[in-house]
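Hi everyone, thanks for coming. I'd like to walk you through a few spots in one structure, so please have a look at it with me.

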Amino acid sequence: MSIAKYIEAHYPQVLQFDIESINIDSKDIKDCWVKWAQLNIELKNGDVILVDNYHECDVDWKWADKVQAFDKHFNKVKLIEE
């Protein structure tokens, strides 16, 4: 049996982009994705708009979304034996 040595708690962090300030019609959007905290909007005409103006929303630290336990080699183990 492996003994838990590390505990990880996962919390969500949300980035919120205000696309209203860009003044584009949503019907013109072909695709969009976020990479490195930058919103990329690809338009149907081939143009790509990069949006860096984001707002970091507060994290609710009360409850983690996920908690995991790992042994000294970072293999996933059960935190509590049943």
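Let's start with a question: is Ala37 buried, partly exposed or exposed? This is a predicted model, by the way, and in it Ala37 comes out as partly exposed, with a relative accessible area of 25%. You'll find Ala37 in the loop between β3 and β4 (38–43). Its backbone deserves a look too: the phi of Ala37 is near 65°, a positive value in a residue other than glycine. As a reminder, most residues other than glycine have a negative phi.

Asn23 also has a positive phi, about 65°, and again it is not a glycine. Asn23 sits in the loop between β2 and β3 (29–35). Asn23 is exposed, with a relative accessible area of 71%.

Now over to Tyr11, in the loop between β1 (6–10) and β2 (15–17). Tyr11 is partly exposed, at 30% relative accessible area. Which residues does Tyr11 touch, if we set aside neighbours within four places in sequence? Those are Val59, Asp60, Trp61, Trp63 and Ala64. Val34, by contrast, is 23 residues from Tyr11 in sequence and 19 Å away in space, C-alpha to C-alpha.

Last stop, the surface. Ile7, Val67, Leu79 and Ile80 make a nonpolar patch of about 410 Å². Val67 belongs to strand β7, residues 66–70, and is exposed, with a relative accessible area of 52%.

That's my tour, and I'm happy to take questions!

Technical notes
Residues are numbered from 1 along each chain as its sequence is written. This is a predicted model: local features need pLDDT of at least 70, side-chain atom pairs count only at pLDDT 80 or more; totals for chains, interfaces and linings use all residues. Side-chain values use heavy atoms; hydrogens and water are left out. Patches are made of residues with over 30% relative accessible area and no salt bridge: like charges are joined within 9 Å, nonpolar side chains (Val, Leu, Ile, Met, Phe, Trp, Tyr) within 5 Å. Accessible areas come from the Shrake-Rupley method with a 1.4 Å probe; for residues, only the protein chains shown count as cover. A salt bridge is a side-chain nitrogen of Lys or Arg within 4 Å of a carboxyl oxygen of Asp or Glu. Helices (H or I, at least four residues) and strands (E, at least two) are DSSP runs, numbered from the N terminus. Buried means under 20% relative accessible area, exposed over 50%, partly exposed in between (1.4 Å probe, protein chains only). Contact means heavy atoms within 4.5 Å.
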